[in-house]
Amino acid sequence: MIKTYWRKLLLASLVTLLPITAGMVLWYRLPASMATHWGASGEADGYASKVFAVFGIPLILLAVFWVCVFVSAKDPKNKDQNPKALGMALWIVPVLSCFVNGFMYATALGWRLNLPMLLCLLFGLLFIVLGNYMPKCKQNFTLGIKIRPTLESKENWNATHRVAGKVWFFGGLAVLMCVFLPQSVSFIVLLTMTAVFVAVPVVYSYVYRHKQLKAKKNDIVPLAKTAQTKAGVWITAIAVPLILLLVAGLMFTGEISASIEGDTLVVSATYWEKSVIPLDQLHHIQYTEDHDVGMRVSGFQSAKLQLGMFQNDLYGTYTLYAYNNADFHILINDGDRVLVLALKDEQTTKAFYEELLEVIG
């Protein structure tokens with residue numbers, strides 16, 4: 001596959017990296033911190049450095065692209081795959097790269113764009129294209145609707161993908177109509193419609209399989225338990241629990257500590273860098289209630305902790321070390337920056353505030 005399509009793969013890789021060239025051209029016009037994540041309302045709620053936005057995101061997408069290429073190349077059933085279906089799949093990541101970085105650059109330059117409307121346009125066109133090529137996709141392990149009924153029966157595969165083609169093509173036309181909906185609901189409608197488009201062919205495939213088994217005239221061939229299949233099962237059985245444990249560990253663990261060591265204030269957290277502030281540089285400290293966290297610019301946020309650089313209307317960009325849902329915070333200003341601290345509970349936070357007051361007089 002790679003030898004056959006090397007020219008298309010090279011071109012697709014260059015297009016995936018094209019936003020880097022655009023970012024370098026616009027480098028001095030882009031801010032140091034750029035919005036990289038938006039909520040359902042279309043408002044930015046996550047930021048990253050300019051270096052990561054310009055270079056990191058296209059390189060990550062390029063890595064994803066080549067992982068997909070190598071996985072597809074290893075699929076023995078893709079040797080006879082329809083060239084049009086395979087070629088279409090190669091352009092999904094490059095188009096996504098240009099769309100994502102193009103939107104980030106436009107937002108960073110001050111353009112006011114309607115993200116839900118653009119997503120409706122993108123997904124609508126994507127479903128139309130996929131719906132057109134879906135019936136042409138031959139049975140394989142990497143492209144298309146890969147569930148047990150379709151993988152065990154070519155008849156089921158072909159029937160399911162014909163239905164998926166129609167559902168996705170006409171569904172894509174319906175998604176395009178979402179651009180006329182209010183911005184507040186268009187994103188929710190898009191997610192709902194996408195879930196329906198995915199569910200309909202899957203349900204149809206299982207219903208079709210039931211009819212095949214009932215008729216007792218079918219081409220169902222159970223998947224062979226080859227060494228490769230067994231290895232995949234073991235890898236999945238080991239990798240999935242490990243990944244879930246890692247995610248759970250990151251989401252629900254971690255601690256924040258603050259102490260006075262000699263003539264310095266030391267604030268540290270499990271997943272973020274330590275802050276050391278000389279006590280004689282503390283210009284102002286204040287005990288506050290119901291602190292407005294604002295938006296995260298960079299750092300780490302989990303179900304337990306909020307750490308890193310945040311931004312709100314009162315302090316601008318500031319450093320936050322806090323447990324989630326904390327109601328009481330210590331505001332620390334050393335003249336050059338603002339640091340906001342919330343320890344594990346109200347009593348601990350207030351006790352440390354009083355200790356700071358006593359030390360700095």
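Which residue in β4 is the bridge partner of Ser257? Ser268 is. Before I go on, a reminder that this is a predicted model.

I will stay with the sheet for a moment. β3 and β4, the latter covering residues 264-269, pair in the antiparallel sense, and six bridges join them. They belong to an open sheet of three strands, ordered β3-β4-β5, with antiparallel pairing. The edges are β3, at 256-261, and β5, at 272-278, each of which pairs on one side only. From one strand to the next, the twist averages 15 degrees. There is also a helix on this sheet: α10, residues 346-360, lies across β3 and β4 and runs at about 20 degrees to β3.

Next, the helices, with α2 as the reference.

Start with α1, residues 6-25. Its axis and that of α2 are 8 Å apart, and the two helices pack at an angle of about 170 degrees. Angles over 145 degrees count as roughly antiparallel, and α1 and α2 are therefore roughly antiparallel to each other. On the α1 side, the contact includes Leu9, Ala12, Leu17 and Ile20. On the α2 side, the residues include Phe55, Leu59, Leu62, Trp66 and Val69. By class, the residues of the contact of α1 with α2 divide into 15 nonpolar, three polar and no charged.

Now the other partner, α4. The axes of α2, residues 50-74, and α4, residues 92-108, come within 10 Å and cross at roughly 165 degrees. That makes α2 roughly antiparallel to α4. The crossing of α2 past α4 is right-handed. From α2, the residues that meet α4 are Ala53, Val54, Ile57, Pro58, Leu61 and Phe65. Among those they meet in α4 are Val93, Pro94, Leu96, Val100, Met104 and Tyr105. The residues of the contact of α2 with α4 divide into twelve nonpolar, two polar and no charged.

Last item, a single residue: Gly144. Where does Gly144 lie? It is in the loop between α5, at 115-133, and α6, at 148-151. Gly144 counts as partly exposed, because its relative accessibility is 31%. Leaving aside residues up to four places away in sequence, Gly144 touches Met134, Cys137, Trp157 and His161. Further along the chain, Gly144 and Ala85 are 59 residues apart, and their C-alpha atoms are separated by 9.5 Å.

Conventions. Residues numbered from 1 in each chain as written. Predicted model: local features only at pLDDT ≥ 70, side-chain atom pairs only at ≥ 80, totals over all residues. Heavy atoms only, no water. Helix = DSSP H or I, 4+ residues; strand = E, 2+ residues; numbered from the N terminus. Buried < 20%, exposed > 50% of the residue type's maximum accessible area, 1.4 Å probe, protein only. Contact = heavy atoms within 4.5 Å. Axes fitted to C-alpha atoms, helices over the stretch in contact; angles between N-to-C directions. Parallel < 35°, antiparallel > 145°, perpendicular 65-115°, else oblique. Left-handed = near helix turned anticlockwise from the far one by under 90°. Nonpolar A, V, L, I, M, F, W, Y, C, P; charged D, E, K, R; others polar. Pairing = 2+ DSSP bridges.
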